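Work through the exercises below with the model open beside you, and try each task before you read its solution.

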Amino acid sequence: MLREHISRYKSLDFFARQVVEGFITGRHKSPFHGFSVEFSDYRQYNTGESTKNIDWHLYGRTDRLYVKQFEEETNLRCQLLIDQSGSMLFPIERHGDIDHPNKLTFSVYAAAVLIELLHRQRDAFGLSLFSGQIDQQTPCRSNSVHQQYLLGLLDGLLQPINKESLRVTSLAETIHLTAEQLHKRSLVVLFTDAFVRPEEQEALFDALRHLRHNKHEVIIFHTYDFAHEVNLDYDSRPHLFVDLESGRQLKLQPEEVADAYRRQMTELFDTLRQRAMQYHIDYVPVDIARGFHQVLLPFLLKRSKQ
């Protein structure tokens, strides 16, 4: 068991680095631009290098050439929120499989990738895991020790499923608590399938308004399995559907309800998109069957505006 844990942990770290490096190479341009910088120290000028950072005032006083060294300063605080409720384990048989992930597995690896990116940019990052409450929350820090600690927490979400894994969601309450507990202006990145009952939608939108009212920037990565959860793509035979949070079961023929179901899902997506636009929140639908560029591109675009 310990060997499997270490292997998976190293895989998570390695995967995040590979995705970020591949993404940077693929763009032929580093996304690490636009940093604010602060003066750090002087060093002696070496013949042949650029004269751009020579301190000529110091040269006038000392008759020696010194180059200003700068240190990139942290100009972003990012809190990553991951919904670890039961519905995020769908499809449950694909839990922990990076090649064919379920929603929680995709979110874990996506968060690891963003943490790697933030660390390279010397930005501060924290992690919140929630279900019916905030189950785990860390402060924002930018050092390597903190990065490894968060990767350990994420690895814990890839553990084999048991009854305790099937948790209910309290999305609105979690967002309200996050808005109150983040005392400095932050970028809040939320991974969730946003499965809330119609009567709970207004509470969710009110919580999102709370985040914006407290001056936080927000990205919602609406994580879902398009083929099965949106398109209802199942064989033409009776299927038993099980609610991974309540345990309720329903046996039906998918094609008999497909049209009505797709209309409801379309309405949900449209409502989320429209309300997010109203509150100046970045809403990003993310199909877990597609790559991590769905997460990286919108994140970098949002970060460039900070």
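**Exercise 1.** Locate I161 and decide how exposed it is.

*Solution.* I161 sits in the loop between α4 (144-156) and α5 (171-181), where helices (H or I, at least four residues) and strands (E, at least two) are DSSP runs numbered from the N terminus. The model is predicted, so local features need pLDDT of at least 70 and side-chain atom pairs count only at pLDDT 80 or more, while totals for chains, interfaces and linings use all residues. Residues are numbered from 1 along each chain as its sequence is written, and side-chain values use heavy atoms, with hydrogens and water left out. Because its relative accessibility is 30%, I161 counts as partly exposed (buried means under 20% relative accessible area, exposed over 50%, partly exposed in between, with a 1.4 Å probe and protein chains only).

**Exercise 2.** Find how the rings of F15 and Y109 are arranged, and where they lie in the chain.

*Solution.* The ring centres of F15 and Y109 are 5.0 Å apart and their planes stand at 85°, so the pair is edge-to-face (centres within 6.5 Å; planes under 30 degrees apart are stacked, over 60 edge-to-face, the rest tilted). F15 belongs to helix α1 (residues 2-27) and Y109 to helix α3 (residues 103-120), 94 residues apart.

**Exercise 3.** Describe the pair formed by F106 and F292.

*Solution.* These two rings, F106 and F292, are stacked, at 4.7 Å centre to centre with 5° between the planes. Since F106 lies in helix α3 and F292 in the loop between β10 (282-287) and α9 (293-304), the pair ties together parts 186 residues apart in sequence. Both F106 and F292 are buried.

Terms used: Phe/Tyr/Trp six-rings, centres within 6.5 Å; stacked < 30°, edge-to-face > 60°.
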